[in-house]
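Me: I'd like to go through this structure bit by bit. Can you take my questions as they come?

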Amino acid sequence: MALHKVLGIETEYGIVVRGVGESNPVSASSLLINAYVGELERERLAGPKVGWDFEDEQPGNDARGASGPSSPPDVETHLVNAVLTNGARYYVDHAHPEISTPECADARAVVVFDRAAEEIVRASIVAANRLLPDGQELVVHKNNSDGKGNSYGCHENYLMARSTPFGRIVTHATAHFVSRQIFTGSGKVGVEAAGLSASEVPYQLTQRADFFEAEVGLETTLKRPIINTRDEPHADAQKYRRLHVITGDANCSETATFLKVGTTAFVLSLVEDEALPKTFQFRSAVAAMRQVSYDLSLAAPLELVDGTTITALELQWELLDRSKKWADERGLDTVGGDVGAQVLAEWESVLTSLERDPMDLADRLDWVAKYRLLEGYRERHGIGWEDQRLAALALQYHDMRPERSLADRVGLRRITDDDEVRHAMTNPPTDTRAYFRGTCLQRWASQVVAANWDSIVFDIGQSSLRRVPMMEPMRGTRSHVGTVLDESADPAELLARLNG
Amino acid sequence: MPEREQKRKSAPARETDEVVEAPGTSETGEKLKADIDDLLDEIDEVLETNAEDFVRSYVQKGGE
């Protein structure tokens, strides 16, 4: 029986300081995040005066505790790592600001918290710019490539059963990751893979396909694999694994994010339940990844090891049909109930339109919306794809500044509404363990010294700190601990009741 | 694999839908095109100052 697909995404944003010669991305990222956290503290809206607890990531490291971002937001260079009251993590990763959504129980919640992350970034930009000298400003993009061969990721995470053989996940997930690009792509002008030029690939579906060089592996920064084998469940390792997916683009379209995580939750549930009788093994998954991304006609025949071929669209129809059958037999509980039904309906609708005329999806998919914009500009000015003005428009599609964002202006359909997004900036989901983490931070930030995905550490004034493990992602929900949290006056009482 | 079913492009049901839905779709297409035309009319006001220089000098470090 498939496990409930607890899921989330981590997005690294592009960042530059405008108005200086060459900006340092690490200090720019720190400034961005510290400015936001500092502002929250001053407004006492929340108390993310909390360090990330690295204990489960690098054994031997002490909890960072009071070394968190408690000082006033100055131009700091220490790597900030904050836990927010919505259960998210906001930190500097390499040379990028990154936000991980809290653990979500369905695909729609992921869209809400991904949008909330965007709003957090926007608020951070405003706060940070106040601290910069006149003539300088932070510019942040939700994209995955600088167009010059450097890429950064938007990773997805899915809770899976440890008992499912990894080889089976590899086969089916690869088929999905290669073919889902037809709706997950954010669109890119030109090509960054070695040996190809923009005259051969003037525009492609995805930002990321150029950067995958291996089928399976542990790396994420070099020789990137289609299936990443990082085994860090952040949960009970006997029962669970966390599939860490690195192939996806960061999407501005809510529909694209919804389908990206929603369809993947289905496919992985079907893998667990052995409900995918056919296997589609590419002769070269790396080549197939690029072939799909480079083919705007969506008709490229992908070679399979058995000598036959299949298109990405055909593969997606097969996965959808199997998912519908599986849902009829097993129900939708593990994929979000009604939300799971919405995923199936949207999936079918999008595949139908892709088959008929992809341009009808200019209000739903990023690669189509961006293509239509660039194509319109090209026609109007009679210019070729290599013109720098198109590259400029394509970059600005992803710009986080509301007054500059082009994604905000191309008529993309919304799934969320502004009120729920604003609420999600500071409030956790109620139906995963993120509820416990976020609520403790909302109420008792001064006594929370550190937190991470699977534990939270309190200082209740005793000689030793007290760690509360959270090894079950679907426990610690409002229905599970809401009453105990509400009835406890302070963490000491909470701990006594949890232990009692 | 014991059996290998004939691969098909789409199920009959979907082909029927296509015919029924076609008019609505082109309306959507027209509206979207009009939206883009409006945006293109005002694009110079939205575009980053020195957008071409900006994109030329836009360099990020690899991440993840």
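Me: Which way do H3(A) and H7(A) cross, left-handed or right-handed?
Reply: Keep in mind that this is a predicted model. For the pair H3(A) and H7(A), the crossing comes out as left-handed.

Me: Which residues of H7(A) does H3(A) meet, and how many residues of the contact are charged?
Reply: From H3(A) come A:Ala175, A:His176, A:Val178 and A:Ser179, and they meet A:Ala312, A:Leu315, A:Gln316 and A:Leu319 in H7(A). By class, the contact of H3(A) with H7(A) has 5 nonpolar and 3 polar residues, and the charged ones number: none.

Me: What about H5(A) and H8(A): how are they oriented to each other?
Reply: Helix H5 (residues 254-272) of chain A and H8(A) have axes 10 Å apart, and they pack at an angle of about 115°. Their crossing is left-handed. The range from 65 to 115 degrees counts as roughly perpendicular, so H5(A) and H8(A) are roughly perpendicular.

Me: Which residues make the contact of H5(A) with H8(A), and how many of them are nonpolar?
Reply: H5(A) brings A:Thr255, A:Phe258, A:Leu259, A:Gly262, A:Thr263 and A:Phe266, while H8(A) brings A:Val343, A:Glu346, A:Trp347 and A:Val350. Sorted by class, there are 3 polar and 1 charged residues, and the nonpolar count is 6.

Me: And how do H1(A) and H2(A) sit relative to each other?
Reply: Helix H1 (residues 25-43) and helix H2 (residues 107-131), both of chain A, have axes 8 Å apart and pack at an angle of about 95°. That angle makes H1(A) and H2(A) roughly perpendicular.

Me: How many residues in the contact of H1(A) with H2(A) are nonpolar?
Reply: On the H1(A) side, the residues include A:Leu31, A:Leu32 and A:Ile33. They meet residues of H2(A), among them A:Ile120, A:Ala123 and A:Ser124. The contact has 1 polar and 1 charged residue, and its nonpolar residues number 11.

Me: Let's look at a strand. How many residues of S12(A) are buried?
Reply: Strand S12 (residues 224-228) of chain A is paired with strand S11 (residues 212-217) of chain A by 4 bridges, and the two run parallel. In this pairing A:Gly217 stands opposite A:Asn228 in S12(A). S12(A) is mostly covered, with its buried residues numbering 5 of 5.

Me: Is B:Asn50 buried or exposed?
Reply: B:Asn50 lies in the loop between helix H2 (43-46) and helix H3 (51-56) of chain B. It has a positive phi of about 50° although it is not a glycine. With 12 other C-beta atoms within 10 Å, and 12 or fewer being the cut-off, B:Asn50 is exposed.

Me: What percentage of chain B counts as buried?
Reply: Chain B has 3 helices and 0 strands, in the pattern α-α-α along the sequence. Of its 64 residues, the buried part is 14%.

Me: Which helix supplies the largest share of the side of chain A that touches chain B?
Reply: The contact takes 46 residues from chain A and 31 residues from chain B. Elements of chain A that each supply at least two residues include strand S2 (14-18), helix H7 (312-330) and helix H10 (388-396). The largest share is 6 residues, from H10(A).

Me: How far apart in space are A:Gln136 and A:Val20?
Reply: A:Gln136 is in the loop between H2 and strand S7 (137-141) of chain A. A:Gln136 touches A:Val17, A:Arg18, A:Gly19 and A:Val20. A:Gln136 and A:Val20 are 116 residues apart in sequence, yet their C-alpha to C-alpha distance is 6.7 Å.

Definitions and conventions. Residues are numbered from 1 along each chain as its sequence is written. Chains are lettered from A and ligands numbered from 1 in the order in which they are written. This is a predicted model: local features need pLDDT of at least 70, side-chain atom pairs count only at pLDDT 80 or more; totals for chains, interfaces and linings use all residues. Two residues are in contact if their C-beta atoms, placed from the backbone, lie within 7 Å. Axes are lines fitted to C-alpha atoms, for helices over the stretch in contact, and angles run from 0 to 180 degrees between N-to-C directions. Angles under 35 degrees count as roughly parallel, over 145 as roughly antiparallel, 65 to 115 as roughly perpendicular and the rest as oblique. Ala, Val, Leu, Ile, Met, Phe, Trp, Tyr, Cys and Pro count as nonpolar, Asp, Glu, Lys and Arg as charged, and the others, Gly among them, as polar. A residue is buried if 20 or more other C-beta atoms lie within 10 Å of its own, exposed if 12 or fewer, and partly exposed in between; C-beta atoms are placed from the backbone. Two strands pair if DSSP finds at least two bridges between them. A crossing is left-handed if the near helix is turned anticlockwise from the far one by less than a right angle, and right-handed if clockwise. Lists of a residue's contacts leave out its neighbours within four places in sequence.
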